[in-house]
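Please examine the sequence and the model before working through the solutions.

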Amino acid sequence: MTRRSVAQTHANIALAKYWGKRDVAANVPAVPSLSVTLEGMRTITSIELAPDLTADTFELNGEPAPALALERTVTLLDRVRAAAGSADKARVVSHNDFPTSSGLASSASGFAALAVAAAHVYALDWSLERVSDLARRSSASAARSVFGGFVELGCDLPASGVLGASVVAPADHLDVRVLVCVTSEGAKAVASTDGMRRTAERSPYYAAWVERAPVMFSSLKAALLARDLEQVGELTEASALAMHASAMAAAVVYVTGATLQALAQVRELRARGYAAWATMDAGPHVKVLVSAADAAAVRAAMVEVPGVLRVLEARPGHGATVVADDAS
Ligand code: 2P0
């Protein structure tokens, strides 16, 4: 018999950034983070268990996945098999409808979809928190994509060993959009795990980041709960700049000329009265947090920035769903 589950997840963008690990082996973040899950920017992952399989296989965007991606996938599947008491191998097929490995958080939606589909297909009766914890062990930002709306992930591993993300506020809590200003279609230069390790090892500002980030996180969470978009926006931009400053001091540089031009444009638009703030992740793209009312005008201005190839617009969206589940 063949059993198959298909999960759909969305990317998320951190407003208060995760950067650095408290425990590398257990993949526990050094700082708490708060993100918004985006509608669109989807990953769909199918996992099939079939008797003829002798090894796990992983096809990503129509091609056999790179060795490292396969290895990380097998590690997650092994955890699920151990919990389920199963030896069945899996055929994993995953598609992203946005650029992979380019700082557009494909690992977040990817491992979230993998965790949800795997827990389902191996028939584990786990809470979403437990599934989020499973995703976190593979990629901490993935823990957040299990949930929709505005989502937090802490950095204190409870005695239970289960550290999953949780919802801070639903998707309609704040009427905002995220404009993803794509500045490159290629893969990023330094994978985030390496970038974090190098920052922790070499940056004179890493300790300051680890001390400061939880304060920014708490202020941002309070502002979000108070629906104070101005404060949420200011803290979002501040968190990204502090993260990149700590990384840059370790020679981990994700920004390009186009990134800085897009950032300057956002700050210029803000000076002209638009409710728009920039954030950047482990890649050269700029994401603009903007009020729904200003989204069209700000988008039109961002498209004009030299080096911005295209602009995707997303609204806060839903968490993971199982979209198919069958046996044949
Ligand atoms: C974030 N990023 O909070 C931060 C901001 C990138 C910059 O989470 O090592 O792929 O797999 O746990 O989750 C990207 O890091 O890192 C990330 P691992 P992950 O969204």
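A residue is near a molecule if one of its heavy atoms lies within 4 Å of it. The model is predicted, with local features needing pLDDT of at least 70 and side-chain atom pairs pLDDT 80 or more, while totals for chains, interfaces and linings use all residues. Residues are numbered from 1 along each chain as its sequence is written, and side-chain values use heavy atoms, leaving out hydrogens and water.

**Exercise 1.** Identify the residues that come nearest to the ligand.

Step 1. Of the 19 residues around the ligand, the nearest are Tyr18, Lys21, Ser141, Arg144 and Thr193.

Step 2. Helices α4 (140-145) and α5 (192-202) each contribute at least two residues to the shell; helices are DSSP runs (H or I) of at least four residues, numbered from the N terminus.

**Exercise 2.** Determine how far oxygen atoms of the ligand are from side-chain N or O atoms of Asn27, Arg72 and Thr193.

Step 1. The polar contacts (pairs of N or O atoms within 3.5 Å) are 3.2 Å for Asn27, 3.3 Å for Arg72 and 2.7 Å for Thr193.

Step 2. The protein buries 94% of the 470 Å² that the ligand exposes when taken alone (Shrake-Rupley method, 1.4 Å probe).

**Exercise 3.** Find the residues through which α1 and α3 meet.

Solution. Arg72, Leu76, Arg79 and Val80 of α1 contact Leu134, Arg137 and Ser138 of α3, contact meaning heavy atoms within 4.5 Å.

Note on methods: Polar contact = N/O pair within 3.5 Å; in protein donor to acceptor, adjacent residues only side chain to side chain.
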